[in-house]
Amino acid sequence: MPILAKPQNCTGCAACGNICPHDAIMMTQDNDGFIMPVINPGKCVECKLCEKACPIVNGKYLKNPEVKEAYAFWDNNTRTESSSGGAFSAIADWIRKRDGVVFGAAWHDSFQCCHIGIEEGKDFAMLRGSKYLQSDVRKTFAEAREKLKEGKYVLFTGTPCQIAGLRSFLIKSYEKLITIDIVCHGVPSNILFSNYIKKLKSEYPQYSSADGFEFRNLRGWGIAPTPKKGNCRMKPLTGVANLYMAAFDKGAIFRESCYDCQFNGLSRVGDITIADFWGIGAFGKPFKHDVSKGVSLVLVNSKSGREILENLKNCFIEKRELQEAVKRNHNLVASTDKPPYRNELIKSFNNPEITLRDINTRFNLKGTGMKDNVKDLLISTGVFWIVKSIVNKLRSI
Ligand SMILES: Cc1cc2nc3c(=O)[nH]c(=O)nc-3n(C[C@H](O)[C@H](O)[C@H](O)COP(=O)(O)OP(=O)(O)OC[C@H]3O[C@@H](n4cnc5c(N)ncnc54)[C@H](O)[C@@H]3O)c2cc1C
Ligand code: SF4
Ligand code: SF4
Ligand code: SF4
């Protein structure tokens, strides 16, 4: 039988499932809801293609040379529709203009996240915005290979382990493939997220009709999870109702591989790396611009990545010190620490008998003191973002 990554190291990237020519690998969910491959011995012919494609078993060669410089970036067209500065949208637009295909994470069936490919000419807006859970790549690696074989440009975006999985699956390099990896804090499972939504809807009736979700405040630069009904945003989540994001921030509900991630560091797997440029201007060289609408951090890791950055139009791009980028973005160079209560917390989120309030009482994830309540009130009324924006404007004068 082929030897794949051990369950604690497996990232769920699905390179093995995409490559098996005998349909012998099923991507299933483990007891905690994380995507895992299972080999069907009845179908497997032991060709070992899956073993060769597994980036955990064989992926050392995938990393680009260590990056030396960082860029502050925003796209003037899409800055207010993206998570930070719209770096993804600017690069996706470059691909669209060349009739290429863009692959990324989208919402599917309301509260599930999976990768899809957006064909030439169509709007890729549904790929914008961070979804803070593991996107199921399904068979998109194989679909991307088909498009490359047709001679099309392909942009594939994802977590570093997904980009490593894609490149390992493809085996050879393609001139028209561009990859973007995001700096990655870690990923919870789709199942845990949908169990959280079930609890939210039953414990907070004002959200019972929600059929969508937005993690980021796209008007300003911040994280303000907000359920949606159709295209309308509901009241942003605060207090215990926002327990999923509190657990995400603490790194307490991630898949096991995230706590010893093989793909962080300054040698990246993507042609370009994007993230939030948290703390820009706070260390070293001042940054005299309005940051309230978000600033992306962009790292250029390969020759094709550099060519694209140099050809982007209508974008703000400023070279910054790499150390400034690392200072407030721990996950650029290191994994998240695993809290000792992680296993119990995941089981509690997945247990339909346990309420969000019970979870918070037991694990104390969300402060309920005066300071927390005031901040929550300011966020839910929108005042927080207005004040933040004014402070940022004053700072930039
Ligand atoms: C799970 C997760 C953890 C992250 N951790 C950090 C962090 O620690 N530090 C940091 O600075 N930034 C982190 N980010 C990245 C950050 O949230 C922004 O996505 C990034 O700054 C890009 O912003 P943008 O405005 O250019 O892109 P946007 O227009 O917002 O586009 C987002 C891009 O990310 C992709 N994407 C969205 N959700 C997922 C997902 N679940 N899986 C794979 N790809 C996805 C989309 O396909 C799209 O290409 C994380 C993102 C995710 C999804
Ligand atoms: S060894 Fe070959 S047939 Fe067996 S699971 Fe792997 S790829 Fe499929
Ligand atoms: S290829 Fe990806 S999903 Fe398959 S075993 Fe390796 S890490 Fe896990
Ligand atoms: S932290 Fe590492 S292993 Fe986890 S999703 Fe991100 S890139 Fe993959």
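This is a short tour of a predicted model, one selection at a time.

Before you start, note that residues are numbered from 1 along each chain as its sequence is written, while chains are lettered from A and ligands numbered from 1 in the order in which they are written. Because the model is predicted, local features need pLDDT of at least 70 and side-chain atom pairs count only at pLDDT 80 or more, while totals for chains, interfaces and linings use all residues.

**Stop 1: the domains.** Colour domain 1 (15-60), domain 2 (61-187 + 255-333) and domain 3 (190-253 + 336-396); such bounds come from an automatic or database domain assignment. The centres of domain 2 and domain 3, taken over C-alpha atoms, are 25 Å apart.

**Stop 2: helix H6.** Select residues 160-170. Helices (H or I, at least four residues) and strands (E, at least two) are DSSP runs, numbered from the N terminus. Are the residues of H6 buried or exposed? A residue is buried if 20 or more other C-beta atoms lie within 10 Å of its own, exposed if 12 or fewer, and partly exposed in between, with C-beta atoms placed from the backbone. In H6, 11 of the 11 residues are buried, so the helix is largely enclosed by the rest of the structure. Its buried residues pack against several elements, including helix H5 (140-149) and strand E7 (177-182). Contact here means C-beta atoms, placed from the backbone, within 7 Å. Just after H6, look at Ile171, with a positive phi of about 65°.

**Stop 3: ligand 4.** Around ligand 4, find residues including Pro160, Cys161, Cys184, Cys258 and Cys261; a residue is near if its C-beta atom, placed from the backbone, lies within 6 Å. The shell has 7 nonpolar, 4 polar and no charged residues. Here Ala, Val, Leu, Ile, Met, Phe, Trp, Tyr, Cys and Pro count as nonpolar, Asp, Glu, Lys and Arg as charged, and the others, Gly among them, as polar.

**Stop 4: ligand 3.** Which residues come nearest to ligand 3? Of the 13 around it, they are Leu4, Cys10, Cys13, Cys16 and Cys54. This shell divides into 10 nonpolar, 3 polar and no charged residues.

**Stop 5: a loop.** Go to the loop between strand E2 (35-39) and H2, where Glu46 lies. Glu46 is not a glycine, yet has a positive phi of about 60°. Lys48 lies in that loop between E2 and H2 too, with a positive phi of about 65°. Glu46 counts as exposed, with 12 C-beta neighbours inside 10 Å, and Lys48 is exposed, with 12 other C-beta atoms within 10 Å.

How values were computed:
Two residues are in contact if their C-beta atoms, placed from the backbone, lie within 7 Å.
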